[in-house]
Amino acid sequence: MPSLLVISSAPATLIDGKPFIDKKFVEGMQFYCDTWDGPVTCLLAMRGDAFPYGQTYEVDRLPFGVEILPAGRDIEAKDISGHDIVLNSGDNHQYLHLAEICRKSGQKLVFTIEYTHETRRQILFLDRSKTYFKKASSMLWTLKQERRRRRAFRSADGLQANGYPAFDAYGPLNANTMMYLDNRVGADLLATKEEMTARHRRVTEGACLRLVHSGRLEPMKGSQDIIPVARRLVSDGVDFKLDIFGSGSLGSAIREDIARYDLQDRVILNGSVDFETELVPFMRETADIYLSCHRQSDPSCTYLESMGCGLAVIGYANRMWQALSDKSGAGWVAPLGKPDALADAVGEAARDRPRLATCCEVARRFAGDHSFEREFQRRIDHLKALGQTSGTDGRDPENRD
C-alpha cells in the first residue's frame, strides 16, 4: 500500500518531547487517515513555544505519523525518503525545491495551490506598513519565486488547485491538474429543509433583510467598505439589519462609526465566535444574504460556507466570486471597490424577492454538491490515481520557464 506524506505549514513544536500541534490540523489529518489506503505521515516545521488552539499529543495514539523538521533547516531528501506520494504546499516558496528532489528520487509529488501571482501582488500593495521602495523590492522577490513556482509545477506529477483563479492560472502548466473548492461545511452543517423553508417564507413575504459579514476586519479584506454600504442602504430606505462577526485592526473604527452614524439599530458588531457552534447556526437560522467586501481573488472558503447555510451572496467582482457566481447563480456581483454598487445590489435583492429566494436555494444546492466530504474525496481519488501509475504523467519533460 502506498504511503502518503503531507507537508504542511501548520504550527508545531515539542513540549517535554511530545508534539504540540494545532487541533484543527489533527482533525484534518484524520480525514486523510480515514480515506487513504496506506500509512499517512505529516511533516511539520518546528515553531517556537506553545500557541493558541494547540494540544500535546502522544505519538502512538495518533492515527498518523508525525515528523518535525528542526527550525531553520530546509527539507532534504532524507526527510521525505520512504514515502511513495508527497502532498506539498505550492504557496510556500520554501518547499518548491522538492520538485527537484522528487524528480531524482522517483517519488510522486503533488502540489496544492491557492494564491495566484495576481493575488500576491494585490496583497503586497495593500500592505500599509511598507514604503513604495520596499513594495517594489518585495515585488521583484515575489516575481522570482513565481518563476520557481511555475517550474516546480511543470515538473510535478500532479497539481491540486483550490478555486477557479488558481486553476485558470496554473492548470495549463500540468496535465494532471484538478480543481477543488475548499470549505469547512460538511453534510452535517448544511442548512436543513426546514431552515430553507423558513427563509423562503420570510424573504418572499418581504421581511427585513438580514445581512451577515464574517472574517478578519482588515483593510486587505475590504472591511473598510462595510459601514459605507450600510450608510447607503439607510439613505436608500432599505429595511435591513447587518450582523458583523470577526475581529481585526479595523474593529474599533467600525464600532466608532456605528455610533457616529447612529447605526446601532441596523448594524451589530458581534466579535469573533466559534464557527460550527455559533456562526453556522446563526447564518442558517437568521441570515438571508452574505455581504462580501473582499477585493482579492483568493479562494476564500467563506463564499461556499455561506452558501451552504442557504445564503445568497453579494460581493465584489474579484476573479473568485465572479467565477463562482457565474457557475452557481447564487447572488449578485458588483464592480470592485465600489461600496455604493454593493449597496445597489442589496437594494435590488430587497426589491426582487423571488430572485433572492431562488439565489438562496441554488446556493444551498451548489454548496451541497461541493461539501467538504465530496471535495476531500475528490482530492484523495486524485492522489490514489498516482499510486496506480508510473512515469511522469503530469510532468513537462522540457520543464519550460
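Mentor: Happy to. In this predicted model, helices α7 and α10 lie oblique to each other. The label comes from their packing angle of about 50 degrees, with the two axes 9 Å apart. Helix α7 covers residues 193-204, and helix α10 covers residues 275-285.

Now look at the side where they touch. From α7 come Glu-195, Arg-199 and Arg-202, and across from them α10 brings Met-283, Arg-284 and Glu-285.

If you want a sense of distance, take Ser-252 and Met-178: they are 74 residues apart in sequence, and their C-alpha atoms are 41 Å apart in space.

Follow the chain just past the end of α9 and you come to Asp-262, whose phi is positive, at about 55 degrees. Asp-262 is not a glycine, and it lies in the loop that runs between α9 and β12. Asp-262 is exposed, with a relative accessible area of 62%. As a general point, most residues other than glycine have a negative phi.

Tyr-53 is another non-glycine residue with a positive phi, this one near 65 degrees. You will find Tyr-53 in the loop between β3 (40-46) and β4 (54-56). With a relative accessible area of 66%, Tyr-53 is exposed.

Pro-19 is placed in strand β2, residues 18-22. Pro-19 counts as buried because its relative accessibility is 3%. Once neighbours within four places in sequence are left aside, the contacts of Pro-19 are Thr-13, Leu-14, Gln-55, Thr-56, Tyr-57, Val-59, Val-66 and Ile-68. Between Pro-19 and Val-333 there are 314 residues in sequence and 45 Å in space, C-alpha to C-alpha.

Thr-112 sits in strand β7, which spans residues 108-113. Its relative accessible area is 14%, so Thr-112 is buried. Leaving out neighbours within four places in sequence, Thr-112 contacts several residues, including Leu-87, Asn-88, Ser-89, Gly-90 and Asp-91. Also on the list for Thr-112 are Gln-160, Tyr-180 and Arg-379.

Lys-135 carries a charged side chain and has its place in helix α5, residues 132-155. Is Lys-135 buried or exposed? Lys-135 is buried, because its relative accessible area is 13% and the cut-off for buried is under 20%. Not counting residues up to four places away in sequence, Lys-135 touches Leu-124, Phe-125, Asp-127 and Lys-130.

How many disulfides does a search of the whole structure find? The search finds zero. As a reminder, a disulfide is a covalent bond between the sulfur atoms of two cysteines. To be counted here, the two sulfur atoms must lie within 2.5 Å.

Take Cys-42 as one case. The closest cysteine sulfur to its own is in Cys-33, 9.0 Å away, so the gap is too far for a bond. Cys-42 is buried, with a relative accessible area of 0%. Cys-208 is another case: its closest cysteine sulfur is in Cys-360, and at 14 Å that is too far for a bond. Cys-208 is partly exposed, with a relative accessible area of 23%.

Note on methods. Residues are numbered from 1 along each chain as its sequence is written. This is a predicted model: local features need pLDDT of at least 70, side-chain atom pairs count only at pLDDT 80 or more; totals for chains, interfaces and linings use all residues. Side-chain values use heavy atoms; hydrogens and water are left out. Axes are lines fitted to C-alpha atoms, for helices over the stretch in contact, and angles run from 0 to 180 degrees between N-to-C directions. Helices (H or I, at least four residues) and strands (E, at least two) are DSSP runs, numbered from the N terminus. Angles under 35 degrees count as roughly parallel, over 145 as roughly antiparallel, 65 to 115 as roughly perpendicular and the rest as oblique. Contact means heavy atoms within 4.5 Å. Buried means under 20% relative accessible area, exposed over 50%, partly exposed in between (1.4 Å probe, protein chains only).
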